[in-house]
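Please keep the structure in view while reading.

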Amino acid sequence: MSELWPEFFSSQPFGLALTVGAYALVVSVARRLGGPAWLNPVLWSVGLIVAILLLARIDYADYMRGGGIVTAFLGPAVVALAVPLHQNRAQIRRALPGALAAVGIGSLAGIIATVVLARLFGASPATILAVAPKHATSPVALAVSELAGGPGELAAVIAILTGILGAAVGPWLLRVMRIDDERHRGLAIGVSSHAIGTARALEEGPVAGSFSVVGMVLAVVAVTLLVPMVLGAVPAVTTWLGL
Amino acid sequence: MRNRASRRRVVTAPETPRPPSGPAAVGRALLGFLLILGCLAVGDGVTLALRIPVPGSVIGMLLLLVVLSTARSERLNELVRPSATLLVAVIPLLLVPVAVGLVDHLAELGQDIVPILVAIAGGWLVTVVVTALLAALGFPSSDRRRRKVRR
């Protein structure tokens, strides 16, 4: 009887049901409690699933036989981001030159700050490659880190942690800074905390939401272009980072 | 004065997608999904062929944006919208299994936990502040809006 359990834990329905079930549970609990900021759905679903995997001694690879079904839709979901962009194209087009400059410089400053802070606090080269693309949405962080020879999954985890931080603290920080325009708020949240931040920005309104998508999408482009440049353009910098 | 209502956080899908009903609508929605998959496949192909450090999904997204923008009518957009709305709404869910991958990296994460947390918080702060301030400079609020928030 007991030898049936490992087989069940490594089956496709188990990983799929665990993923969807944990997420649905967290979302419904959060809704019942009035959606407090600390009850971020991604954070708590991940925590719940990780705890179950560790307690039941289930391998990540076994869980991913089902979980991978969910992951397979990440690529199409990134492609689908073209639709909200297209729908808000008139308003976006007017703000685009300013937004491009803001995202380009904001991303560059963020990447440099991230890499320098990581290095100063003694991060290993692999860790530097994992934190560098952290403000891109996690499939992009994964790809950019792997293409640079870094640990992709760790980069994805770090990107998600960044998104959770931004979703929880971003709106408050922008209020403190007296950034009141929904376009500015959305853009800054999207650039810094990608999809998870965008989900939060959409709650502020459609304008904040659509500009958050713009920020997230431009951040994808910025991170993809700028991370290899920051890490590899100047040999002295590359040497200092230990890459 | 800060608006109380705007501080309340509601955890819902950003946009509740209406599922297509009826065989014709389902067929059109699937055709839209096929277009998304086609853009993804082309994007992946471009990434592989050119060996550029850009994820295929990003190229696919830009390709779909070009396709939607150059199309004469809105029909193509309506074709893609049902599946796109659904996919975008569930992005947080789609991120969960990848993030669970941290169980295989607990040792690495633990080893460098201080630099990782400092880099996440510091890098995030710099990105938000610089972007928000430059956005406010680059495309300022209209006069009407500015008057509203003037103290």
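The sections below describe a nonpolar surface patch and then the aromatic pairs of this predicted model.

## The nonpolar patch

A nonpolar patch on the surface is formed by Leu108(A), Ile112(A), Val116(A), Leu120(A), Phe121(A), Trp240(A), Ile113(B), Val114(B) and Leu117(B). Together these residues have about 770 Å² of accessible area.

Two helices each supply at least two residues of the patch: helix H7 (89–120) of chain A and helix H7 (113–138) of chain B. The most is given by H7(A), with 4 residues.

## Phe121(A)

One of the patch residues is Phe121(A). Phe121(A) is found in the loop between H7 and helix H8 (125–131) of chain A. Its relative accessible area is 43%. Buried means under 20% and exposed means over 50%, so Phe121(A), at 43%, is partly exposed.

## Aromatic pairs

Over all chains, a search of the whole structure gives 8 aromatic pairs. In the pair of Phe73(A) and Phe33(B), the ring centres are 6.2 Å apart and the planes meet at 20 degrees. Planes under 30 degrees apart count as stacked, so this pair is stacked.

The pair crosses between chains. Phe73(A) is in the loop between helix H4 (60–71) and helix H5 (74–80) of chain A, while Phe33(B) is in helix H2 (residues 23–50) of chain B. Phe73(A) has 35% relative accessibility and counts as partly exposed.

## An aromatic cluster

Chain A also holds one aromatic cluster formed by Trp5(A), Phe8(A), Phe9(A) and Phe14(A).

Technical notes:
Residues are numbered from 1 along each chain as its sequence is written. Chains are lettered from A and ligands numbered from 1 in the order in which they are written. This is a predicted model: local features need pLDDT of at least 70, side-chain atom pairs count only at pLDDT 80 or more; totals for chains, interfaces and linings use all residues. Side-chain values use heavy atoms; hydrogens and water are left out. Patches are made of residues with over 30% relative accessible area and no salt bridge: like charges are joined within 9 Å, nonpolar side chains (Val, Leu, Ile, Met, Phe, Trp, Tyr) within 5 Å. Accessible areas come from the Shrake-Rupley method with a 1.4 Å probe; for residues, only the protein chains shown count as cover. A salt bridge is a side-chain nitrogen of Lys or Arg within 4 Å of a carboxyl oxygen of Asp or Glu. Buried means under 20% relative accessible area, exposed over 50%, partly exposed in between (1.4 Å probe, protein chains only). Rings of Phe, Tyr and Trp (its six-membered ring) pair if their centres lie within 6.5 Å; planes under 30 degrees apart count as stacked, over 60 as edge-to-face and the rest as tilted.
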